[in-house]
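Subject: Structure handover

Hello,

Here is the structure I promised to pass on. Please open it first, then read the notes below.

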Amino acid sequence: MTASPILTSAHKIAIAGLGLIGGSLARRLVRQGRFVVAWNHTDRPYEAARSEGIHCVETLEELAQGKPDVLVLATPLKAMPEMLGRLAPVLTRGTTLTDVGSVKGLVRQQVREAGLSDRYVGGHPMAGSEFSGYEASDPGLLEGALWALTIDENTDYGRFLTVADMVTQGLGNRLIALDDQTHDRAAALISHMPHVVATALANLLVDSDDRNIAAALAAGSWRDMTRVALTDPDRTEAMVDEDADQVAGLLDDMAIRLSAVAKNLRGSEERNRSCTHDFFTQARPFRDYKAELAGADREDNRFELVLSDEGWRSELLESARRGQEVEVFLTTHQARVVQLPTIGD
């Protein structure tokens, strides 16, 4: 197969929502030389946004009618049905729709119900903070961020490449391609469920008679384990509720593991030592992975991945499972990927 050298460029990018992620995305794209137009449900951030070269419009419909190459939905998931309903009559076929939400299956369902599924590529930048609003946005928030782009059997390859251009060339980020279900299972494990656990730890502190002494003694381990508990609780609740079934299953699993540790700690000395030791050593492959990742030389682990017209979806998913991240598309069917360490087998 001869790969075409023609790639689609996402030069004009529209962003609906200038909160933490939308604002950071807009500011970074402008600094990288892309034309950015934005809309927000209030005009409060417009003065600051315009001072940084972001073009702001008064309505969501005007945003879509400007015929951007990509329109990024950076609004809360609860607002998505209304946004999609307003976009459906005015979004031109030349515009590719994406988003930045942490749950992908539900968004695709909402996009499908709005009749826009043929123009959609799911997006989720793995970046964030406990703060919110445009005033908390920062182009550096996306520095080195990995994006998950989610696809299904109906995803148009040209539209996927357009969003990939925004991510790799427009932002200087890397990406992996996943199906919605794989993404949502992984996001629940590494983001949504940990928010609940961090909040539980903070709740435990608040309920303790020794809370003030404990807070004074708290250092690095407490800070790192509870940082996301500082997030606006309404925002965290909404995020967790959007992935409720996945999170509930993981919390059940976590409860079983913690209960087993508690039982072992109360058991006989011999059993205690054996089972508790097993608990703490089970994560050795993860510790080895983190050590290898810290010392990995990415310059020596780049190579080209060739994709086919028929199998590009499965080929990109398998690439992600092998620990490879797409750095840039060289042609429509050739990508430069970085091989990273993997956990265990």
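To read the helix packing, start with the axes: they are lines fitted to C-alpha atoms, for helices over the stretch in contact, and angles run from 0 to 180 degrees between N-to-C directions. Helices (H or I, at least four residues) and strands (E, at least two) are DSSP runs, numbered from the N terminus.

The model is predicted: local features need pLDDT of at least 70, side-chain atom pairs count only at pLDDT 80 or more, and totals for chains, interfaces and linings use all residues. Residues are numbered from 1 along each chain as its sequence is written, and side-chain values use heavy atoms, with hydrogens and water left out.

**The chain as a whole**

The chain holds 14 helices and eleven strands. Its C-alpha atoms fill a box of roughly 70 × 50 × 35 Å along the principal axes. The radius of gyration is taken over C-alpha atoms, and the globule rule is 2.2 Å times the number of residues to the power 0.38. For 345 residues, a compact globule would have a radius of gyration near 20 Å; the chain has 22 Å, so the two agree.

Buried means under 20% relative accessible area, exposed over 50%, and partly exposed in between (1.4 Å probe, protein chains only). Of the 345 residues, 44% count as buried. Contact means heavy atoms within 4.5 Å. Among contacts in the chain with a separation of 6 or more, 70% come from residues 24 or more positions apart.

Two packed helices are described by the angle between their axes and the distance between the axes. A crossing is left-handed if the near helix is turned anticlockwise from the far one by less than a right angle, and right-handed if clockwise.

Take α7 and helix α11 (residues 244-266). Their axes come within 9 Å and cross at roughly 65 degrees. The crossing is right-handed. From α7, the contact uses Asp184, Arg185, Ala188, Leu189, His192, Met193, Val196 and Val197; from α11, it uses Gln246, Val247, Leu250, Leu251 and Met254. For the classes, Ala, Val, Leu, Ile, Met, Phe, Trp, Tyr, Cys and Pro count as nonpolar, Asp, Glu, Lys and Arg as charged, and the others, Gly among them, as polar. The contact of α7 with α11 has nine nonpolar, two polar and two charged residues.

Now α7 (residues 180-207) and helix α10 (residues 233-242). Here the axes come within 10 Å and cross at roughly 130 degrees. Angles under 35 degrees count as roughly parallel, over 145 as roughly antiparallel, 65 to 115 as roughly perpendicular and the rest as oblique. So α7 and α10 are oblique to each other. α7 passes α10 in a left-handed crossing. Ser191, His192, His195 and Val196 of α7 meet Thr236, Met239 and Val240 of α10. That contact of α7 with α10 has three nonpolar, four polar and no charged residues.

Two α7 residues deserve a look. Ser191 sits in α7. It counts as buried because its relative accessibility is 16%. Ser191 and Ile256 are 65 residues apart along the chain, with 19 Å between their C-alpha atoms. His183 is also in α7. Its relative accessible area is 3%, so His183 is buried. Leaving out residues up to four places away in sequence, His183 touches Ser102, Val103, Lys104, His124, Ala148, Thr150 and Leu178.

**Helices α4 and α5**

The axes of α4 (residues 80-87) and α5 (residues 105-113) come within 9 Å and cross at roughly 35 degrees. The crossing is right-handed. Met80, Pro81 and Leu84 of α4 meet Val107, Gln110 and Val111 of α5. By class, the contact of α4 with α5 has five nonpolar, one polar and no charged residues.

**Outside the helices**

Asp209 is in the loop between α7 and α8 (211-217). Its relative accessible area is 76%, so Asp209 is exposed. The C-alpha atoms of Asp209 and Val338 are separated by 50 Å.

Lys67 is in the loop between α3 (60-65) and β4 (70-73). Most residues other than glycine have a negative phi. Lys67 is not a glycine, yet has a positive phi of about 55 degrees.

Pro341 lies in the segment after β11 (334-339). With a relative accessible area of 11%, Pro341 is buried. Beyond four places in sequence, Pro341 is in contact with Tyr289, Glu292, Leu293 and Ala296.

Best wishes
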